[in-house]
Amino acid sequence: MAERPDEQQNWQLRQYDSFGPHFRIDSGNPQLGQNGAVVYDLLGSGKDGNTSTVGMTEAGLYHMYNDQCIEIMGGNKVDGGGVCVNIVGANGDVTITAMSSGDVKITGQNIILDADKNVEINAGGDFRVVANNTVNMTSTNMYLTAPYGKIRVREVSWMGGVFAGTKVSESVWSA
Amino acid sequence: MIENNLLKTNFTGKDGFRWWIGQVAPEDAQGQQIQEIGDAWGTRVKVRIFGYHPPDETELANDDLPWAQVLLSPQCGSGKANRGKSLRVSPGDTVMGFFLDGDDAQLPVVMGLFAKSGNPAFGGTEEYTYPFQPFTGYTSKIKASDYMIKGEGGGSDGKYSQRSGRNVSTTTAKKIEDGRKDGLPERSISTGSEKIINFGGSNQNTVEKLNGQIENAVKEVANATSKDKFRIIDNTARKVTGIAQSLSGSFVNKTFADLKPKLNKGLHDLYKKTYATVLLATQNPAIAKKAGTAAQTAMVGPVKSLQNFIPCAVKNISENLFGSVRNILTSLLDNVENFVSCIGDQFIGALFNDIIGNINKQLGGLMKGVSKIFKGDLVGMLRSSAEGMLGLSNAFNCELPSAVGALGGKTNNWVMGKGPKDIVGATAEAILSVANAAQELQEAAASPGGILGNLGIFDFMRPDVSTPGFSSQLSDCYTGPPLNCAGIKINIFGGAGEGASAMPILGSIVGDTFATQTASLIGIKLTNGGGSYITPPFVEIVDNCNQGYGAVARAVIDYDPNSPTYQQVVDVYVVTGGENYPVIEPADGSDAVYTVDHVVVVDSGQNYTNDDIITDEQGNEYAMFLDDDGRILNVIPPNPEITNVNEVKDLPELTITSSTGFGAVLKAQISARPEFQGEIKQVIDCITPRDGIVGYINGEAYYGSFHVMPNGVKMTGSKHSDTDVIIYDTPQDSRTSSARSSTSTSTTVQTNVSSTTTQTTTSSTSQVNTTNNTSQQTTGQSNTSVSDNTSSDSGSSGSGGGYSGY
């Protein structure tokens with residue numbers, strides 16, 4: 001393996017500002033990474049070896065790498081109702097992946113999944129829906145498939161409970 | 001002279017300027033000043049000055065050196081109004097300054113620093129020894145960081161100065177470092193670089209998910225300590241167990257779904273058999289019926305036991321799974337050095353065997369209870385279920401369609417720091433075949449059980465699996481470093497279409513001997529545009545040796561529904577060429593010479609004028625066609641057939657010289673240079689169809705009706721219309737042209753080539769072009785502008801990108 005010859009590497013373009021072994025701004029570095037040369041990188045390193053890199057490559061990939069946790073918080077001074085964190089993918093997918101055995105948690109007063117087309121939820125294990133008030137599912141077609149379990153589809157009436165065991169027949173109280 | 005001395009005041013600015021060069025004293029001498037605490041004040045350092053201070057600490061100790069104020073640049077600020085910048089003067093720095101007190105030389109001021117050479121050959125990184133010897137700027141409080149790459153130096157030494165890590169994996173960085181002749185170190189900027197991320201989705205990508213996990217683990221272990229290895233195995237085992245849980249669930253569901261009709265049939269058979277037997281014995285149908293019913297009723301208990309097991313099955317199996325997965329992983333990571341798809345198949349095969357073994361174990365006892373109504377082979381049935389699992393989810397999809405559906409234009413996999421990755425899906429047949437074979441091997445060896453249970457004997461369990469020449473009864477799945485680099489391939493995937501293919505063109509060759517040569521990607525030759533693409537597909541540069549890095553390419557598709565290349569890939573251009581890709585010998589032994597064939601207008605920009613000039617590094621000038629808003633519609637390179645353009649050896653780069661225009665992005669596409677024919681050009685009669693072939697459109701032979709325009713260009717249809725398409729003489733020309741003729745009425749002033757001409761002089765052509773800019777879009781960027789254009793062109797060669805329009 002060998003790098004391109006020096007004359008094919010544009011070191012003239014490179015400008016850096018190195019603040020010490022803990023932080024550096026590196027721009028126009030011609031050395032190649034997987035996505036091309038460096039447009040710029042902000043490189044940080046702690047004494048325990050934790051590192052952080054924010055930057056952009058010649059092929060346009062913007063990256064934020066951090067060895068430990070990344071915090072993003074917005075809106076500390078936004079009065080209620082405003083948008084304080086907005087993540088937008090102009091074209092293409094927006095993905096969130098917890099590698100290893102991590103969970104993905106979304107918490108909020110209301111959680112709204114709004115799909116122009118479809119919503120798919122896959123669970124390797126269990127899928128639970130618990131609502132302390134109402135579960136409302138509406139569809140033109142609905143399928144429930146399981147080899148074993150309890151699937152009860154019936155009309156539910158609170159009045160039915162009130163009149164249960166009385167001499168008032170269902171046809172009367174449900175009319 | 002004496003008078004001059006007597007007149008000196010040694011006051012700043014009144015006498016001569018006494019400048020000096022010195023060295024910043026080591027850390028110990030800087031006292032609290034360097035710590036910025038205690039009696040530190042201002043910006044000052046102790047310096048030992050050449051010619052004024054002896055190079056000997058016994059004569060003048062470092063502690064006794066004078067403080068030198070350090071002047072700051074006005075751009076740094078003094079600190080007032082919160083405008084300031086920290087000093088970056090380090091012990092050992094060679095500094096230059098002057099004395100505020102002239103010849104008294106007691107009040108030095110530092111004006112500037114001499115840059116330290118970054119080249120290790122110049123030294124200067126040693127600890128302090130004695131005055132005026134170069135020494136390191138690191139101190140007890142400022143220590144070198146591996147991340148920033150040890151090495152001090154700055155200035156103009158380019159690659160030697162302040163080296164930073166690369167956006168590659170640790171393994172790749174090590175490979176680059178090993179290959180360097182200058183001995184410079186290399187680092188990865190993140191341990192996350194090159195990790196494979198699976199975005200997830202439906203069960204369809206369970207195999208991809210598992211392969212991604214294993215590949216990541218193999219890469220991670222390659223640079224891990226034995227202690228780290230345990231962590232990696234544990235983490236990966238948990239993740240794999242989680243993924244495998246869905247497989248277990250699917251297995252159980254499928255097993256019980258398959259069992260139901262079989263047991264039902266068994267019950268009916270039992271009734272019939274019992275009824276017949278009792279009737280024969282008693283000749284009483286009522287008794288026979290009762291006996292048959294009783295026989296069936298006797299099965300309620302055993303069947304109910306089976307049913308009661310269903311809710312526990314997945315849980316029980318998953319609980320057992322973690323241990324086996326960890327064992328499998330340990331074995332695999334002990335022996336496998338390089339992830340290859342066949343070892344992924346084997347890993348999943350082992351997982352299958354384990355799940356099947358577990359289900360068999362869990363159900364074995366219960367199945368004995370229903371042996372009267374089920375005589376089948378449970379393990380065989382499970383294995384056929386496994387085929388259903390991977391065959392795959394079609395069976396499920398029929399019952400419950402996947403909401404999101406097929407991947408279409410998407411990708412499920414991403415390599416950190418690199419981009420989208422296509423994973424060639426393993427076939428159910430391959431996995432099951434290897435799983436069964438491994439099982440048979442174990443049974444043949446009469447060694448069931450043991451530490452790996454009933455998994456089977458797989459290649460990854462063998463210590464020699466990464467040894468060149470490895471072969472086993474199971475397969476030849478060698479997992480060591482790749483032995484034969486097959487060169488790089490262009491893999492076009494996603495975009496909801498299929499069929500597009502392309503070939504890489506390598507250049508910027510490094511190395512003298514073929515075996516050690518490496519190259520960059522300098523062009524891509526589209527060999528098939530495929531079809532049905534609704535978004536530009538991803539372009540993956542595949543290097544089976546994982547040697548090269550940095551090449552990125554993007555595809556362009558045709559969005560024009562009236563175009564014959566609609567929803568086809570019409571171009572694949574190189575964004576960055578990368579380096580270190582293996583060079584393979586051309587199959588035909590040819591050593592092609594390349595020139596710019598056409599230009600892909602990735603972004604049209606705006607505000608360009610006809611006075612603007614487009615050139616390449618060779619100085620060749622390109623013709624440009626603009627719309628009314630100054631957007632670039634098309635760029636035509638010089639025709640290599642009639643212009644003696646220089647050979648392209650590196651990724652070509654185009655420059656637009658314009659005082660008004662902005663935003664255009666142009667990518668030159670190269671192809672093998674056609675023969676240079678000079679001023680006199682032999683014109684082959686290409687009007688008469690050859691074997692019925694009129695010409696080529698988008699690489700395909702065209703046999704239909706055609707007409708010839710006044711400028712000699714052939715177009716489809718017997719009469720001219722708005723929907724006509726240019727017919728080219730060669731497949732190459734037809735592929736590399738991206739525009740399509742529409743409204744045309746070309747007014748042409750040209751020396752035309754008539755159908756009967758055998759030789760003529762090629763002359764320039766001026767024509768009125770009306771260009772319909774083909775709607776094209778590249779990943780992440782969009783091309784705009786549909787506009788008519790009137791401009792002049794020279795020549796009508798298809799290789800010129802063609803479509804300057806008619």
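A single disulfide, defined as a pair of cysteine sulfur atoms within 2.5 Å, is counted over all chains. The structure is a predicted model, in which local features need pLDDT of at least 70, side-chain atom pairs count only at pLDDT 80 or more, and totals for chains, interfaces and linings use all residues. Residues are numbered from 1 along each chain as its sequence is written, chains are lettered from A and ligands numbered from 1 in the order in which they are written, and side-chain values use heavy atoms, with hydrogens and water left out.

The disulfide links C342(B) and C477(B), with the sulfur atoms 1.9 Å apart; the link is right-handed, with 90° about the S-S bond. C342(B) belongs to helix α8 (residues 341-369) of chain B, whereas C477(B) is in the loop between α11 (428-444) and β9 (488-493) of chain B, so the pair ties together parts 135 residues apart in sequence. Helices (H or I, at least four residues) and strands (E, at least two) are DSSP runs, numbered from the N terminus. C477(B) is buried at 2% relative accessible area, while C342(B) is partly exposed at 30% (buried, under 20% relative accessible area; exposed, over 50%; partly exposed, in between; 1.4 Å probe, protein chains only). In chain A, the sulfur of C84(A) is 17 Å from the closest cysteine sulfur, that of C69(A), too far for a bond.

Chain B also holds an open, antiparallel sheet of three strands in the order β6-β7-β8, where pairing requires at least two DSSP bridges between two strands. β6 (196-198) and β8 (419-420) of chain B are at the edges, each with a single partner strand, so one side of each lacks a neighbour in the sheet.
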